[in-house]
2 protein chains.
Amino acid sequence: MGGYLSHLECTACGKVYSAGELHTVCPACGKVLYPRYDLDRAKAEVTREMIAGRAPTMWRYQELLPVNDPANIVTLGEGMTPLLPVPNAAKALGLGEVLVKDEGLNPTGSFKARGLSAAVSKAKELGARAAALPSAGNAASAAAAYCARAGMDCYIVMPVDAPHANQVECDEYGAHTYLIHGLINDAGKVIREGSAAQGWFDMSTLKEPYRVEGKKTLGYEIAEQLGWTLPDVIIYPTGGGTGLVGMWKAFAEMEALGWIGSRRPRMVIVQAAGCAPMVRAYHAGQRHAEPWQDAETIAAGLRVPVAIGDYLILQAVRDSGGEAYAVTDETILDDMRELAHSDGLFACPEGAATFSALKAMVRERKVAPTDRVVLFNTGAALKYVDLLHPALPIVDAAHPIAAAQSR
Amino acid sequence: MGGYLSHLECTACGKVYSAGELHTVCPACGKVLYPRYDLDRAKAEVTREMIAGRAPTMWRYQELLPVNDPANIVTLGEGMTPLLPVPNAAKALGLGEVLVKDEGLNPTGSFKARGLSAAVSKAKELGARAAALPSAGNAASAAAAYCARAGMDCYIVMPVDAPHANQVECDEYGAHTYLIHGLINDAGKVIREGSAAQGWFDMSTLKEPYRVEGKKTLGYEIAEQLGWTLPDVIIYPTGGGTGLVGMWKAFAEMEALGWIGSRRPRMVIVQAAGCAPMVRAYHAGQRHAEPWQDAETIAAGLRVPVAIGDYLILQAVRDSGGEAYAVTDETILDDMRELAHSDGLFACPEGAATFSALKAMVRERKVAPTDRVVLFNTGAALKYVDLLHPALPIVDAAHPIAAAQSR
């Protein structure tokens with residue numbers, strides 16, 4: 001393997017750069033750089049049957065990933081998460097097939113593992129010694145874990161109200177971890193300053209070219225798990241939106257490889273009512289999104305007031321005939337409980353938001369009973385249990401369950 | 001598939017029972033019943049190559065699992081977790097190859113998913129409408145999730161100091177969840193009383209015959225992931241011990257199937273210094289373990305003062321030439337941090353205890369540099385983050401990271 005990575009290309013101005021050294025954003029226009037591959041060679045040399053025999057991690061698609069020497073792969077076993085039917089929830093909504101890509105079963109408990117496995121691996125290959133990034137929480141945990149494994153220093157700034165679990169993880173993994181009274185974009189300013197002064201490699205999402213490559217494997221996996229077809233609808237909880245644009249990129253690559261056809265799912269984004277810059281921009285017909293003021297939601301991963309990839313997100317939603325929804329925290333909490341109870345899947349708030357959006361689509365008749373729908377649970381609900389405080393009854397030998405029940 | 005399950009056999013008195021209806025312990029002697037299969041038929045019909053092509057869950061070994069009709073399988077995608085090398089930790093100990101079976105990447109965040117997927121599936125097949133069990137925490141979460149998915153009522157009693165995450169999970173999954181001032185055996189008494197009065201099926205581990213069948217897939221997976229060989233040493237954190245005896249059962253089945261030879265790993269158990277009934281019994285040369293008084297440890301899964309399968313655990317350790325260690329909570333917390341920092345693997349306290357035991361083996365020269373060692377991380381550390389309270393520095397625009405560092 002190795003050597004399929006060809007060059008970097010700016011998604012906005014189209015300028016081309018070498019993939020042989022560290023890059024962040026496009027030096028010419030400041031927008032997002034995408035890695036490009038020799039897909040003709042890959043088409044000739046790599047088959048879906050070869051991939052079927054490989055270990056169940058995202059690195060089964062290694063020819064479409066940026067690492068040249070497999071020795072540089074930094075892996076914790078990320079990817080090939082279940083694509084789990086939720087038949088009881090589907091039936092209650094009058095739908096035929098609803099599946100949840102359960103990304104909570106990744107190392108560090110979230111889909112962020114994919115992007116950071118790819119980015120840390122490539123940074124290692126290119127000689128980086130220290131990485132830095134701002135995070136709403138889960139990206140920090142993943143960066144800290146993969147950097148620890150790579151023997152790379154890691155500098156992290158996250159909001160003081162990021163989930164306790166994320167703070168503990170970063171500290172245990174040995175990252176240099178800092179908190180800030182503010183949001184991920186405030187954290188980003190401190191990281192940029194530190195990176196400029198100290199020479200750390202800035203691993204902010206879509207501000208370096210390789211996290212999206214890890215995230216795009218979501219698209220490869222869904223296709224493989226559905227027998228190399230795509231679903232009709234994908235609903236994705238959108239903070240920075242890297243997974244969504246990554247899947248969109250993966251679909252184009254897979255078509256070029258001859259692995260799928262030209263049909264695309266409707267790409268539906270969901271955000272929190274308290275922080276919905278992309279939803280607002282979508283409905284306003286804008287190409288870029290204005291920063292959201294006073295962002296507030298329990299869904300930490302959606303507390304992202306501004307995203308550098310806004311134009312890529314909005315383009316994918318529009319090109320695919322998708323939709324955009326904002327849902328309240330109250331609805332999210334209700335839907336977490338409903339999905340856990342109906343199908344045994346305890347989603348994080350961001351994941352439950354996709355279920356809330358699906359309900360909205362059903363109400364608005366924007367999804368048909370024959371549509372195959374894929375929801376994304378982006379992380380383990382375990383990171384958010386501090387939000388919940390059930391009042392559980394206490395029993396003892398003198399007051400067994402029958403007595404407790406009658407209270 | 002289907003129909004390979006033959007009968008139940010008592011592990012103590014050898015009496016044989018039909019597998020066609022619900023059973024708990026041996027009606028004759030009160031000990032553990034094991035399911036037995038038509039291994040001759042399986043040997044003729046099932047190959048390792050067939051298994052290699054199946055989806056990455058524990059149900060890839062379906063002919064060796066107790067469900068007859070695949071429609072009864074209740075799955076959340078459990079099993080085929082990573083067997084992850086920890087090369088940095090191994091090197092620091094002067095060892096060659098140390099691997100961690102990372103069971104935290106299961107649904108509900110622990111290895112309990114395996115046993116409950118098997119047990120709930122079989123209970124569903126046999127017509128059970130309600131299940132009940134006592135738990136130190138993680139089994140409760142798994143039971144609640146699989147029962148929810150199966151549409152089965154679930155009754156749970158767990159200690160008031162079980163991790164908050166487990167309490168939240170059970171409630172969200174819609175289980176009838178109760179707390180008790182006491183330990184898992186006190187909870188067990190309340191469950192037995194309720195089950196007798198209400199007709200719930202008692203799903204206490206090894207008190208019904210099928211949780212061990214899910215757990216035994218740990219043994220199948222390790223063999224498959226190591227190219228159908230076994231490691232030299234397995235270190236297992238032992239509460240109820242179902243995984244350990246399950247692997248021991250799996251090894252015998254795989255040998256009968258012709259998939260592995262007669263060599264066995266040394267089976268090493270580790271318990272917490274504050275609750276070590278098996279370790280005490282092992283060193284005292286006893287066949288059964290006395291109940292541990294005043295059990296106390298941060299490792300909730302090891303707060304198990306008495307285990308019905310004690311004789312099976314002790315037999316496997318002795319027959320394999322294994323060892324038994326007790327480690328302190330302080331050591332466990334240090335080793336959680338060390339393993340997270342060295343190899344990016346944040347283990348739960350029970351999992352970190354296996355690393356502590358490995359260090360003890362190195363000190364006592366009971367493991368050779370050429371030994372291939374497998375540790376078990378039985379669950380996600382995320383369930384235990386309430387134990388940790390890092391004091392993270394706060395930064396802002398006026399006090400960037402460089403300033404914070406110099407504090």
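Predicted model: local features only at pLDDT ≥ 70, side-chain atom pairs only at ≥ 80, totals over all residues.
**How the two chains meet**

Now for the place where the chains touch. On the chain B side, 66 residues are in contact with 67 residues of chain A. As 100% of the interface residues of chain B are also interface residues in chain A, the copies meet through the same surface. The size of an interface is often given as the accessible area lost when the parts come together. For chain B and chain A, that comes to about 5,700 Å² buried between them, with 64% of it on carbon and sulfur atoms.

Some of the contacts can be picked out by kind. Four salt bridges are found across the interface, and one pair in a salt bridge is A:Glu172 with B:Arg337, whose closest N and O atoms lie 3.1 Å apart. There are also 16 residue pairs in polar contact across the interface. On the side of chain B that touches chain A, helix α6 (residues 164–172) gives the most, with seven residues. That side of chain B divides into 40 nonpolar, 16 polar and 10 charged residues.

Strands cross over between the chains too. Strand β14 (residues 394–395) of chain A runs parallel to strand β8 (residues 176–180) of chain B, and two bridges join them. Within this pairing, A:Val395 stands opposite B:Ile180.

Key. Residues numbered from 1 in each chain as written. Chains lettered and ligands numbered in written order. Heavy atoms only, no water. Contact = heavy atoms within 4.5 Å. Buried area = accessible area lost by both parts, 1.4 Å probe. Salt bridge = Lys/Arg side-chain N within 4 Å of Asp/Glu carboxyl O. Polar contact = N/O pair within 3.5 Å; in protein donor to acceptor, adjacent residues only side chain to side chain. Helix = DSSP H or I, 4+ residues; strand = E, 2+ residues; numbered from the N terminus. Nonpolar A, V, L, I, M, F, W, Y, C, P; charged D, E, K, R; others polar. Pairing = 2+ DSSP bridges.
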